[in-house]
Amino acid sequence: MLINFMNITLANKSDLPSILAIYSGARSFMASNGNKDQWGSSWPKEEVLEEDISLSRLFVIRDNDESIIGVFALIEGEDPCYKDIEGSWLNNKEYITIHRLASSFTYKGIFHLVIEYIKNNYPLDIRIDTHKNNTPMIKAILKEGFIYTGIIYVNNDTPHSPRNAYQLER
């Protein structure tokens, strides 16, 4: 079903069970589609999500019934993982980073809604990364006009794991 509304709000602690269920489903989807390494069996960890909530940087997307159908983190300012890149960022302007994006797979177009939300609320360049085997995400990123800029390395459950990096200039 195509989503045609936007109800994006900051997540709160009472949202955690639904958020954890969405991430569990996303990990299963990725693993069954050739991308078992990006989040492994436990990323993102609950304590990371709790920190995101306490720092007001974890967002949920709700449908008309108020069910949580998507989740993502927005981190404004310099991202330490993005300091070193094998390649080159498009510019050195301030940016916001999308991390930990996942959906319940109930609706199509979640990533587009997230991009529209950011464009309407943050006048910054947007950066994002994903695993080279996350083909559905790569297609969505490129469809939104992002430019591939190189390889960065993240340090979550898979230390120093390479990720394709992308930037959308604003």
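Mentor: Start with burial. Buried means under 20% relative accessible area, exposed means over 50%, and partly exposed is in between, with a 1.4 Å probe and protein chains only. At 13% relative accessibility, R100 therefore counts as buried.

Trainee: And what are the ground rules for the model?
Mentor: This is a predicted model: local features need pLDDT of at least 70, side-chain atom pairs count only at pLDDT 80 or more, and totals for chains, interfaces and linings use all residues. Residues are numbered from 1 along each chain as its sequence is written, and side-chain values use heavy atoms, with hydrogens and water left out.

Trainee: Back to R100. Which residue does R100 form a salt bridge with?
Mentor: D52, with the closest N and O atoms 2.9 Å apart. A salt bridge here is a side-chain nitrogen of Lys or Arg within 4 Å of a carboxyl oxygen of Asp or Glu. The pair links distant parts of the chain: R100 sits in strand 5 and D52 in helix 2 (residues 46-54), 48 residues apart. Helices (H or I, at least four residues) and strands (E, at least two) are DSSP runs, numbered from the N terminus.

Trainee: Is D52 buried or exposed?
Mentor: Buried. D52 counts as such because its relative accessibility is 0%.

Trainee: What is phi of R100 near?
Mentor: Near 55°, a positive value in a residue other than glycine. Most residues other than glycine have a negative phi, and most peptide bonds are trans.

Trainee: Which loop holds E66, and what is its phi?
Mentor: E66 is in the loop between strand 2 (58-62) and strand 3 (68-76). Its phi is positive, about 70°, although E66 is not a glycine. At 45% relative accessibility, E66 counts as partly exposed.

Trainee: And the peptide bond from W43 to P44, cis or trans?
Mentor: Cis, with omega near -5°. P44 lies in the loop between helix 1 and helix 2.

Trainee: How many salt bridges does the count come to?
Mentor: Six, by the cut-off I gave. One of them joins R62 to E66, with the closest N and O atoms 4.0 Å apart. R62 is buried, with a relative accessible area of 12%.

Trainee: What about K93?
Mentor: K93 and D125 meet through their side chains in a salt bridge, 3.6 Å from N to O. That pair also links distant parts of the chain: K93 is in the loop between strand 4 and strand 5, D125 in strand 6, 32 residues apart. K93 counts as partly exposed because its relative accessibility is 39%. D125 is at 1%, so D125 counts as buried.

Trainee: How is a pocket defined?

Trainee: Which strand gives the most to the lining?
Mentor: Strand 5, with six residues.

Trainee: And the lining by class?
Mentor: 23 nonpolar, 10 polar and eight charged residues. Ala, Val, Leu, Ile, Met, Phe, Trp, Tyr, Cys and Pro count as nonpolar, Asp, Glu, Lys and Arg as charged, and the others, Gly among them, as polar.

Trainee: What about helix 3?
Mentor: Helix 3 has 12 residues and reaches 17 Å from its first C-alpha to its last, close to the 16 Å expected at 1.5 Å a residue. The expected span is 1.5 Å times one less than the number of residues. Its buried residues are I110, F111, L113, V114, I115, Y117 and I118.

Trainee: Last one. How many bridges join strand 7 to strand 8?
Mentor: Seven, and the two strands run antiparallel. Strands pair if DSSP finds at least two bridges between them. I147 stands opposite Q167 in strand 8. Strand 7 (residues 147-154) also pairs with strand 4 (residues 86-87), antiparallel, over two bridges. There, E86 has I151 as its bridge partner in strand 7.
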